[in-house]
Amino acid sequence: MIEFLTVNCWTLIMVIAVLEIIFVGLFAVDYKKTKRPMALCAAILTFGLFYDAFMIDMGNVLGAGGLLETLSQFRFVSHGMLIPLLFPICAYALKAKEKTVKIVWGVTAVLMVAGLAEALATDLEIISLSEAFANKGLSVNVGGDLIRYQSSELTPGWAEGISMALSFGTVIPLIICGVAVWVKQKNPCIFLSGLLMFAFAGAGPSMAGGVLTFFITMFGELFMVGFIYAYLKTDKKELI
């Protein structure tokens with residue numbers, strides 16, 4: 001399984017990116033038809049995930065250097081600022097009152113600023129997939145290999161902490177929200193969205209020395225947006 005993933009890494013990430021941009025279009029169409037803010041939030045969030053996957057796949061095409069580094073910095077910025085959109089998505093799924101939604105948006109704005117600060121403080125280093133495996137003392141066939149910029153050891157601890165908090169601190173509320181939506185609305189889609197995201201994010205560090213965490217997590221992100229879209233299409237009540 002590991003060798004299949006590493007040999008086909010570039011292709012699989014491109015497939016994920018294509019599917020995510022398709023979901024961006026589907027969310028945009030839903031928003032155009034219904035004007036539901038949840039669809040707009042999901043479209044923006046999914047575009048950020050698409051950009052993340054697409055730019056990682058472009059590493060081999062652009063090669064190491066200023067352009068890829070700059071575009072990768074934007075990749076960290078988009079991730080840090082857009083992941084907090086899961087909070088208003090939860091609020092809309094719960095059909096929260098207008099006052100509650102405004103409070104959630106206030107918290108989201110603060111988290112977006114924190115995500116921006118974390119991204120700008122992140123020190124980047126270039127690394128290839130084969131190099132990452134070698135650093136772990138592993139010998140794995142990586143096919144055409146893959147190069148990307150990642151956070152280096154020079155990144156401040158507080159920035160790493162914010163990154164971790166945004167990654168897991170947004171998914172756990174999504175799961176809790178999903179349970180509430182499942183109970184109240186008899187719709188399990190939001191719960192499955194959060195659960196699968198959490199499962200893939202948790203599985204990454206336990207596979208191949210954690211080298212493929214960035215890749216394994218992408219599958220969870222795809223399931224996450226897929227089930228958010230499924231919720232929108234199966235929700236029978238108009239969102240606020």
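**Figure 1. Crossing of helices α3 and α6.** Helices α3 and α6 cross in a left-handed sense, a crossing being left-handed if the near helix is turned anticlockwise from the far one by less than a right angle, and right-handed if clockwise. The model is predicted: local features need pLDDT of at least 70, side-chain atom pairs count only at pLDDT 80 or more, and totals for chains, interfaces and linings use all residues. Residues are numbered from 1 along each chain as its sequence is written, and side-chain values use heavy atoms, with hydrogens and water left out. Helix α3 spans residues 37-57 and helix α6 spans residues 86-93; the two pack at an angle of about 155 degrees, with their axes 9 Å apart. The helix α3 is therefore roughly antiparallel to α6 (angles under 35 degrees count as roughly parallel, over 145 as roughly antiparallel, 65 to 115 as roughly perpendicular and the rest as oblique). Axes are lines fitted to C-alpha atoms, for helices over the stretch in contact, and angles run from 0 to 180 degrees between N-to-C directions. Helices are DSSP runs (H or I, at least four residues), as strands are (E, at least two), numbered from the N terminus. From α3, the residues P37, M38, C41, A42 and L45 meet L86, P88, I89, Y92 and A93 of α6; contact means heavy atoms within 4.5 Å. By class, this contact of α3 with α6 comprises ten nonpolar, no polar and no charged residues (Ala, Val, Leu, Ile, Met, Phe, Trp, Tyr, Cys and Pro count as nonpolar, Asp, Glu, Lys and Arg as charged, and the others, Gly among them, as polar).

Figure 2. Buried means under 20% relative accessible area, exposed over 50%, and partly exposed in between (1.4 Å probe, protein chains only). The buried residues of α6 are L86, P88, I89, C90, A91, Y92 and A93. Their cover includes α3, α7, α9 (157-185), α10 and α11 (213-234). Within the chain, confidence is highest in α6, at a mean of 97, and lowest in helix α1 (residues 2-7), at 79. The chain as a whole averages a pLDDT of 91, and 97% of the residues score at least 70; pLDDT is the predictor's confidence in each residue, from 0 to 100.

**Figure 3. Packing of helices α2 and α3.** Helix α2 (residues 9-34) packs with α3 at an angle of about 160 degrees, the axes lying 8 Å apart. The helix α2 is thus roughly antiparallel to α3. Their crossing is left-handed. In the contact of α2 with α3 there are 22 nonpolar residues, one polar and three charged.

Figure 4. The axes of α10 and α11 are 8 Å apart and meet at an angle of about 180 degrees. The two helices, α10 and α11, are therefore roughly antiparallel to each other. Contributors from α10 include L192, S193, L196 and F200, and those from α11 include F223, M224, F227 and I228. The contact of α10 with α11 has 15 nonpolar, four polar and one charged residues. Residue S193 belongs to helix α10 (residues 189-203) and, at 0% relative accessibility, counts as buried. Not counting residues up to four places away in sequence, S193 touches L174, M224, F227 and I228.

Figure 5. Apart from neighbours within four places in sequence, M112 is in contact with G80, M81, P84 and L85. With neighbours within four places likewise set aside, A119 contacts Q73, F76 and V77.

Figure 6. Most residues other than glycine have a negative phi. K95 has a positive phi of about 55 degrees although it is not a glycine. This residue, K95, lies in the loop between α6 and α7 and is partly exposed, with a relative accessible area of 22%. K186, also a residue other than glycine, has a positive phi near 60 degrees. Residue K186 is placed in the loop between α9 and α10 and, at 66% relative accessibility, counts as exposed.
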